[in-house]
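Subject: Structure for you to look at

Dear colleague,

I am passing on the structure we talked about, and below it I have written out what was found. Please keep the sequence and the 3D view open while you read, so that you can look up each residue as it comes.

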Amino acid sequence: MKRLWEFLGNTTLSLWLLGAGVVLFITGSVISDMNFSFFASMNDMPLQEWVARNMTDNWLITWWLPLLLVDLALLALNTLVCTIERIRVLIPRFREERSFKVFHALMPSLVHVFFLVIMAGHLMTFTLGSWQRIPLVQGEEISIGTDKNPFLVESIHHEYYPGKSNLSNRIKQTHVLLKGSDKNIDISYLNSVSYGGYHLQLDMEKARKREQKLGHRDVHGGGEETCNKSEVYHVHKEKIRKTPERKLYVLAIRDPGLYTILTGFVFILVMMTWYFIFFFRYRNNQT
Amino acid sequence: MFTTGNHIYLYMPVVLYFLAAILYFVEKRNTGFAIVIGGFVIHTLYLTGRGWLGTVFIPNPIVEGPFLLPWCLVLILILYRLSDKNTDWGDIFIPILAFSLFSVIYAKGMIPPTPKKITIWATLFFLTEVMGHALFYAGAALACNGKIRNNQGEAFHSFIVWGFILYSVAQVTGAVWCYLGWGNTFRWGPRHMGSAGIWLLYAMYLHLRYVRFWDTGRRAWFVILAAVMTVAISFSSYIREMNFPRVGG
C-alpha cells in the first residue's frame, strides 16, 4: 500500500501523465479537425451519453478519448497524492516557523488544489450539464426546459454595420424579444440571461445539415462556427450566399461546473502570479 | 487612420528590425536598440490602423496572431534590454525576424467578424494568447543561443514561466468568451484541444525542475522542442485562415 502511495505521488509519474496528455490532446485535435461535425455533437450533451451513442461504432476516430479520460483521471490522482504529501511536510514547518518562506513554499500545493477544483468542475460540466437548443421563429411559441409557461417570439431584430462601411450588410448584433405571461426576455449574442435555473443565450446555425446532405466534405467547422475565427461562415461564403437565412436558436444551458471552473482558474492565476513574483525576487536577491 | 491599409507601415519596421539585428551582431548595440524602438513605434501605428479595416473600429484585426506576434516579441525584447543592459537581448531577433517576414506575406485584410466575435473577451483572449506564445518563443530563442554558444544559462526559464501565466490567463478569458458565445467553457474541437495540449506541455516543463534527470541543458532542449510544437499548432490555423475572404487591407 505504501509503495502504491509512493508510486502515485511520484513526480516522474506526473511527467509521464502530462506528456501522455499532450500527445492525446494533440491527437484529438487533429482527428476532430478532420471530423468536425461528429465531435461538435459532444458539446451539446453529457459525455457519457455521447460515448454510449458514438463510441463503439466509430472507434477508429474515437480511440484516443477513453485514453485521454483515463490519463486525466490518473493525473488528478497523482496531483492529489503529491499535494497531500507536500502539505503534510510543510504544515508542521509552517506551525513552527510561521515564516513567509514556508508560506511561499506552500503556494504550489494550493495551486494544485485549485487545479483539482478545475478538473472537478469540468467533470461536473461534462457529466451533469445540459444544453437545449430551441429554434426561434418569429410569431411562434417556445418552451424553455421543463417550464410549462410558453414564450412568444415577439420580435427578431438584426442590427447591421453602417451602409458605407466595409462591413455593410453584415449583422453586428441580433435582438430577440421573448414575451411570457409574466416576464419578457430580451436576448442577444454574448449576453447571457438567467431564467429558471438556465442560462439563455442566442445561438445560430448555418446551413450545416443542408450542406451535409449535399455531400460536402466535412471541412473544418462543417457548419458550426467556432470561437477561433469566422471559419465556416466565410469558408462557405458562396453556399451561404445562396441560403442567406440562418437559423436562430435559444441555447438553454445548465452547467453545474461553470462557477467551480471559473473560481478555480481565478485562484490559480492569482496564486501562481504571486508565487513566481516572489520566486524570482528571491532568486535575484541570491545572485 | 492614416496607417489603415497602408502596408508601408508594416514593411518599414520589418526592414528596421533587420537593420537593428545586423547592428547588434556587429556590436553597435545601442544604435541597434534605438532603431528597434523606432521600428516598434511605426509597427504600433500599423497595428492600431488595422482596427479601422472595416471602416468602423473593431479591435479584432489588431490582435490577429500573425500581426500581433512579432510586435509582442519586439515589446519583450525592449523590456528585456531595459531590465538589464548587459543581457543577450539580441537573441530574440531570430523569432522577431522570422515572424515579421511571415506577417509581410500574410493576408492583410480583416476576416469579417460574426456577432459572437465582437466582445472584449475575444480581444483579451487573443492578446494574452499571442503574448504567451511570444514569451515561449523568446525563451526558446535564448535556450537555442545557449546551445549554439555552448554556454547554457537559465535566462529562458523566466520567459517560459511568465508565458505560462499569460497563456493560463488566455485559457480563462477564452473560457468566458466561449461560454458566452457557445455555451461551453471547453469545446471538444481542434482549437481547444490543441490549446489544452500546449498548456499541458508547458505545465510539464514547470515540473521538470523537480526531476534530477532534467538539468538546465535538457530543459533548454525541451523549451526549444515545445516552441516548435507551439508554432506547428498555431501556424496551422494561421495558414488556413489566409484563404478566408477578407475585407479592407
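This is a predicted model: local features need pLDDT of at least 70, side-chain atom pairs count only at pLDDT 80 or more; totals for chains, interfaces and linings use all residues.

For chain B the mean pLDDT is 93, with 100% of the residues in that chain reaching 70 or more. The model as a whole scores ipTM 0.92 and pTM 0.89.

Next, the meeting of the two chains. On the side of chain B, 71 residues are in contact with 74 residues of chain A. The size of an interface is often given as the accessible area that is lost when the parts come together; between chain B and chain A this buried area is about 6400 Å², and carbon and sulfur atoms give 70% of it.

The largest pocket holds about 1000 Å³ of space and has a lining of 34 residues, among which A:Pro108, A:His112, B:Leu206, B:His207 and B:Tyr210 lie nearest its centre. Several helices give two or more residues to this lining, including H2 (11-34) and H7 (100-128) of chain A, and H6 (155-182) and H7 (190-208) of chain B. Sorted by class, the lining of the largest pocket has 19 nonpolar, 11 polar and 4 charged residues.

The second largest pocket has a volume of about 810 Å³, and of the 32 residues that line it, A:Phe25, A:Ile118, A:His122, B:Phe186 and B:Ala196 are nearest its centre. Here the elements that contribute two or more residues are H6 and H7 of chain A, together with H6 and H7 of chain B. Which element gives the largest share of the lining of this second largest pocket? That is H7 of chain A, from which 7 residues come. By class, the lining of the second largest pocket divides into 24 nonpolar residues, 7 polar and 1 charged.

With best wishes

Technical notes
Residues are numbered from 1 along each chain as its sequence is written. Chains are lettered from A and ligands numbered from 1 in the order in which they are written. Side-chain values use heavy atoms; hydrogens and water are left out. pLDDT is the predictor's confidence in each residue, from 0 to 100. On a 1 Å grid over the protein atoms alone, a cavity is a set of points where a 1.4 Å probe fits but cannot get out, and a pocket is an open set with protein on both sides within 12 Å along at least five of seven lines; lining residues have an atom within 4 Å of a point. Grid points are joined across faces, edges and corners, and a volume is the space filled by probe spheres set on the points. Helices (H or I, at least four residues) and strands (E, at least two) are DSSP runs, numbered from the N terminus. Ala, Val, Leu, Ile, Met, Phe, Trp, Tyr, Cys and Pro count as nonpolar, Asp, Glu, Lys and Arg as charged, and the others, Gly among them, as polar. Contact means heavy atoms within 4.5 Å. Buried area is the accessible area (1.4 Å probe) that two parts lose on being put together, summed over both.
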